[in-house]
Amino acid sequence: MAYVAARGGEQAIAAAEELHTTLNGPLSAVLVQSIERHLPYLVDRVMGEGSLYAPDLAALALAQTGGDLYEAVLLLRAYRSTQPRITYALPVRQSELRTVRRISAAFKDIPGGQILGPSLDYSHRLLRLDVLDDALSIEDRKEEPPALSIERCSMLNAPLPAVADWQRENGLLAPLPDRDPCDPSALPDVTREPISFPAPRAHRLQSLARADTGGVLALGYASMRGYGMSHPTVNELRLGYAEVTLRHPVTGVAFSAGRVRVSQAEIVDTGAGAPGDAPLRLGFTATIGWNEVKTIAGAMLDLEMSAPNPHPAHQEEFVLYHTEPVESSGFCIHYKLPHYVTFGSALDNLRKAAKTGETL
Amino acid sequence: MTLADLAHPRQDYSYGFLDAFARRELRRRILKAIAIPGYQVPYASRELPIARGWGTGGLQATLSVVGPQDVVKVIDQGADDSVNAANLRRFIARMTGVETTTDTTKATIIQSRHRIPEERMDKGQLLVLQVPDPEPLRHVQPDSSQAREMHADADYAQMWLSLYEQLVRFGRFMQGASYPVIVNGRYLMSPSPIPRWDTPALHQSAHLTILSAGREKRLYAVPPYTDVRPIEFSDVFFQVEDQAGRVCTLTGAGQKYMDELPQPSGESRFRISDTGYVEKLLKMAQGESTKIGPTYYDDAGQFWMPGVIK
């Protein structure tokens, strides 16, 4: 190790880290496994915003930060920076998802059916206070239910067609651009090149996929509540498992490298397009992990971001820059850093201006 | 022979943390930035294990150019020993094994937040400035795509207008740190939030300056011996912060950029902000041998290059 200058600051850092560890308890593999097993939605959120599908690493990040979400997301993103991109998976088609939950608010019934799936939507939000008494949980503890298997919760293994496909066939939505089969390596990648505006569609969807859930919700809610379009409809919301299909580099044979949890939402609104255009417009957001709030709000913003009226949520640049979790949270907390040089520079002006001109 | 003999020893992270692709991208962008002085070059900007907005832009620039022969100095607000500077320095050292220093004249790379050292940087040295907001037009044009067009057209009229408004309202220019400059007679550039005291140090400097904003994903550069002029009128001039009458309580020196320390009595004391320079002054006062380089400002507060500050 080379000679290290100025030790004072480093001792303070070490002491602060130690105090943090003391207050938050020790890290262990058991804790990490328990987080991964029992807090899947939290793990999903960290993976989605961290844009890295690695449940064990996301659980480790949560354990290591004591559950500080933004810190956990940063840990995962920083780890992601060190990983080379080895290959590209084949595109995942909506109808091929192993779907466990699928809702359309647009129609009473849809081809393939509505699937409520795993959800607390219609449960009573009552705290299970009896659990605290430890009376009920003894039995639960004896026999932990088996981990959720796809086979158990997927009602149908048959492909479920997209609602939007039916609408396209009926001329309600514009047909998909004929770009099949697409070359994944030719897609613009927001983690490999900076976003500039107007953004390519791929950049927009990638940014929404890794966006901050709270940020997307705030801007999306502003649009829903009264600053946006008249009446959006949830065309289709899906939670499911996607096969990560790779091609063998030598033989070219496609094979599955595993499954990842994904969620996606489609929002439709009546179009304000030119005469002859399809009457409906579609907004879309997908992310890794199951995150219904983010995908619904994101799909709504996808529709709104290019609207002409000057509400912030109608500007792509405003939405995408300000919902980036690592950048927004990092910049927010950077104000904790010393700013006395810049503050002194401003004081120099203020003191003199007060003598000669008007005050600020 | 076993397989283990043939394999490289396990290494969790690449030299300088960034992988080879990220490093190559950064180096190419840096070359472009040097070729077009003051022009903001977009780059992908990887997340680092340091919070975003805490110097990750400067850090990526440093990590992409640093090599085993380098000597690195890191300062925040002029101080080597602040926790933030210490943290960045120990990260650079941990990922590269380079030697670190507090001595401006001994460093080959100086990464800084908000300051340029008092001692003059020389040729062959590299100054990396951390940048929170690379866009000098942001407060007149928050939309980045429109600001880009204004740069392309060299349309800086709104900046002159805002200068004029300050003059009318306050009788002086009110911009504190980050005073905008024109580089090489072409691009308007934010010099990062360095005090105005440091702005003239960029003009016709012998060293290379790279300015890098990690969160905003833009980097730009001032090559050696390039004109860097603060915006001003031909009859009302840019002024640096007034240090007259301020005496450093540690060294007794004056006419350097001072930190103001409020006292319970209601008065203020002052201390030179550049701690590496203070360290050397103190050594000299104790009769130890040390080599102090020429400074940007002399003891009378005169900038070393005549005609730069009017």
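How many salt bridges are counted between chain B and chain A? The count is nine, where a salt bridge is a side-chain nitrogen of Lys or Arg within 4 Å of a carboxyl oxygen of Asp or Glu. One salt bridge joins Asp348(A) to Arg196(B), with the closest N and O atoms 2.7 Å apart.

This is a predicted model, in which local features need pLDDT of at least 70 and side-chain atom pairs count only at pLDDT 80 or more, while totals for chains, interfaces and linings use all residues. Residues are numbered from 1 along each chain as its sequence is written, chains are lettered from A and ligands numbered from 1 in the order in which they are written, and side-chain values use heavy atoms, with hydrogens and water left out.

**The interface.** Chain B brings 66 residues to the contact and chain A brings 54 residues, contact meaning heavy atoms within 4.5 Å. About 4900 Å² is buried between chain B and chain A, and carbon and sulfur atoms give 57% of this area; buried area is the accessible area (1.4 Å probe) that two parts lose on being put together, summed over both. Of the area that chain B buries against chain A, 13% comes from Glu47(B), Trp54(B) and Phe170(B), more than from any other three residues.

**Chain A.** This chain holds 15 helices and four strands, where helices (H or I, at least four residues) and strands (E, at least two) are DSSP runs numbered from the N terminus. Of the 360 residues in chain A, 39% are buried, which is to say under 20% relative accessible area, with exposed being over 50% and partly exposed in between (1.4 Å probe, protein chains only). Among the contacts in chain A with a separation of 6 or more, 65% link residues 24 or more positions apart. In the loop between helix H9 (163-169) and helix H10 (201-209) of chain A lies Pro198(A), which is joined to Phe197(A) by a cis peptide bond with omega about -5°.

**Strands of chain B.** An open sheet of seven strands in chain B runs in the order S1-S9-S8-S5-S4-S2-S3 with mixed pairing, two strands being paired if DSSP finds at least two bridges between them. Its edge strands, S1 (41-42) and S3 (99-100) of chain B, each pair on one side only. Helix H4 (residues 83-96) of chain B lies across S2 (71-76), S3, S4 (109-113) and S5 (126-130) of chain B. The two strand pairs below are both in chain B.

| Strand pair | Sense and bridges | Bridge partners |
|---|---|---|
| S8 (208-213) and S9 (218-222) of chain B | antiparallel, five bridges | Ser212(B) and Leu219(B) |
| S11 (258-262) and S12 (268-272) of chain B | antiparallel, five bridges | Met258(B) and Ile272(B) |

The hairpin of S11(B) and S12(B) has five residues between the strands, and Gly266(B) there takes a positive phi near 95°.

Ala154(B) has phi near 50°, a positive value in a residue other than glycine; Ala154(B) sits in the loop between helix H5 (144-152) and helix H6 (157-170) of chain B and is partly exposed, at a relative accessible area of 37%. For Ser178(B), likewise a residue other than glycine, phi is positive and near 55°, and its place is the loop between H6 and strand S6 (181-183) of chain B.

**Cysteines.** Over all chains the count is zero disulfides, a disulfide being a pair of cysteine sulfur atoms within 2.5 Å. Cys332(A) is exposed, with a relative accessible area of 53%, whereas Cys248(B) is buried, at 2%.

Definitions and conventions. Axes are lines fitted to C-alpha atoms, for helices over the stretch in contact, and angles run from 0 to 180 degrees between N-to-C directions.
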